[in-house]
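Let's take a walk through the charged and aromatic side chains of this protein. Have a look at the model first, and then we'll go through some of the contacts together.

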Amino acid sequence: MVNVECDLHMTSGEGEGSYAKYSRRQTIVTNETKPVIEKATIEVYKALLPKTMVIADLGCSTGPNTMLFMSNIINMIAHHCSKLDEQDHVELQFFLNDLPGNDFNQLFRSLEKIKNSTTTCDKGDIPPSYYISGLPKSYYSRLFPRHNVHLFHSSYCLHWRSQVPEGLEASGESILNQDVYISSTSSPLVVKLFQEQFQKDFSFFLQLRHEELVNGGRMVLIFLGRKDEDVYKGDLNHMFGFVSKALESLVEKGLVSKEKLESFILPVYGPSVDEVKEIVAKSRMFDLDHIKLFEANWDPYDDSEGDVVLDSANSSLNIRNLIRSVLESMIASHFGGSILDAIFQEFRSLVAQHLKREKTKFAVIVMSLKKIY
Ligand SMILES: C[S@@+](CC[C@H](N)C(=O)[O-])C[C@H]1O[C@@H](n2cnc3c(N)ncnc32)[C@H](O)[C@@H]1O
């Protein structure tokens, strides 16, 4: 059974196969969501005028996106303060959070790059002083003292559950059979268990962050969800269906045992916008300032807009590398590293066939929340 805290981490490094190289889509999303982040940042700054503004990026990983997020905040504050001639007043304290298995060494080494951000400030804007610390711990636990944080940000993380949904595995056998996530043949019980785990995790996450935020503090959360209300029609079902099929083919070849596959379940869930809204409303802890769903091509290097994949061979390679950089730590820990090449070769071929038939997209939910006192 997958243990999220021990087994999940993105592939580190900056070379071929690293998460940093294939997280380009997340970079584009960071740029697209900049206005939402800017509004939350400036509003919380203007309302509270903190001397030290505490900002946390939850699930920061090791790629370029957490640097981009911090640079954006530094520039936004610099620009706002210079308009009001308030440069000396605020200092920024960033906390970069991820699970302990994240490559914090690589992350800290790459912090040098953020220095460039100070030179990209608009002419005349003086960047505020900033301090950066790492915070290796699950965000499904308390991370900060009460009433401490002004702004939380989390990008491409909250679709991960805290654990494999309870009840999916009974006496060593998964009731998902050989699927690793909800598929068209999953029973209503399987769906219910995934949904309950999501509801439990997301409500708890809201409660924890509510305790840690200062009154009036904000959160901007970006994560994978589902466009269709029908839980069987999410694009994560599609994507992870190919992972299941690739693993099944290894069972047929005798490379993986059926029992091993049946105990491998991905701790993820892609909710619809309505499911998310319902939990926020039930919590009565946050005002929902903004929520929007947009779609992003599976291939992180395909910026085309139409409904046809122009180069399915190349796109399937990029998608394979992206998904491998996200899943390989969990797959290697469960099945052993020796099957990685075989499973992702099979996965790529299934994705290539699929892309010839249709272009599927990730559904990305962006939301901005303000703490209710
Ligand atoms: C796809 S990466 C996103 C990285 C970065 N935010 C970006 O936008 O490129 C998801 C990250 O969430 C982290 N993560 C997943 N569950 C977590 C948890 N419970 N606590 C802290 N980090 C978690 C993973 O370790 C991983 O680094």
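This is a predicted model: local features need pLDDT of at least 70, side-chain atom pairs count only at pLDDT 80 or more; totals for chains, interfaces and linings use all residues.

**Salt bridges**

Side chains of opposite charge can pair when their charged atoms come close. A search of the whole structure turns up 16 salt bridges, and here are three of them:

| Pair | N to O distance |
|---|---|
| Glu166 and Lys200 | 3.3 Å |
| Arg209 and Glu212 | 2.7 Å |
| Lys227 and Glu295 | 3.3 Å |

Take Glu166 and Lys200, whose side chains meet in a salt bridge. This pair links distant parts of the chain, 34 residues apart: Glu166 is in the loop between strands S4 and S5, while Lys200 belongs to helix H8.

Lys227 and Glu295 also meet in a salt bridge. Here the two partners are 68 residues apart, with Lys227 in the loop between strand S7 and helix H9 and Glu295 in strand S8. Lys227 is exposed at 55% relative accessible area, and Glu295 is partly exposed at 39%. Elsewhere, salt bridges with shared partners tie Lys39, Glu43, Arg218 and Asp289 into one network.

The pair Arg209 and Glu212 stays within helix H8, three residues apart, or about one turn of the helix. Are these two buried or exposed? Arg209 counts as buried at 0% relative accessibility, and Glu212 is buried with a relative accessible area of 0%.

**Aromatic rings**

Now for the rings: the structure holds 15 aromatic pairs. Phe95 and Phe144 have ring centres 5.0 Å apart and planes at 75°, so they pair edge-to-face. Phe95 sits in strand S2 and Phe144 in the loop between strands S3 and S4, so the contact ties together parts 49 residues apart in sequence. Phe144 counts as buried, at 6% relative accessibility.

Phe202 and Phe205 are another pair, and their planes are at 5° with the ring centres 6.4 Å apart, so this one is stacked. They lie in helix H8, three residues apart, which is about one helical turn. Phe202 is buried, with a relative accessible area of 0%, and Phe205 counts as buried at 0% too. Both belong to one aromatic cluster, together with Tyr139, Tyr140, Phe198, Phe223 and Tyr269.

**Back to Arg209**

Which rings does Arg209 sit over? Its charged end is over the ring of Phe152, 5.4 Å from the centre, and Arg209 also lies over the face of Phe205, at 5.0 Å from the ring centre.

Notes. Residues are numbered from 1 along each chain as its sequence is written. Side-chain values use heavy atoms; hydrogens and water are left out. A salt bridge is a side-chain nitrogen of Lys or Arg within 4 Å of a carboxyl oxygen of Asp or Glu. Helices (H or I, at least four residues) and strands (E, at least two) are DSSP runs, numbered from the N terminus. Buried means under 20% relative accessible area, exposed over 50%, partly exposed in between (1.4 Å probe, protein chains only). Rings of Phe, Tyr and Trp (its six-membered ring) pair if their centres lie within 6.5 Å; planes under 30 degrees apart count as stacked, over 60 as edge-to-face and the rest as tilted. A charge sits over a ring if NZ of Lys or CZ of Arg is within 6 Å of the ring centre and within 35 degrees of the ring normal.
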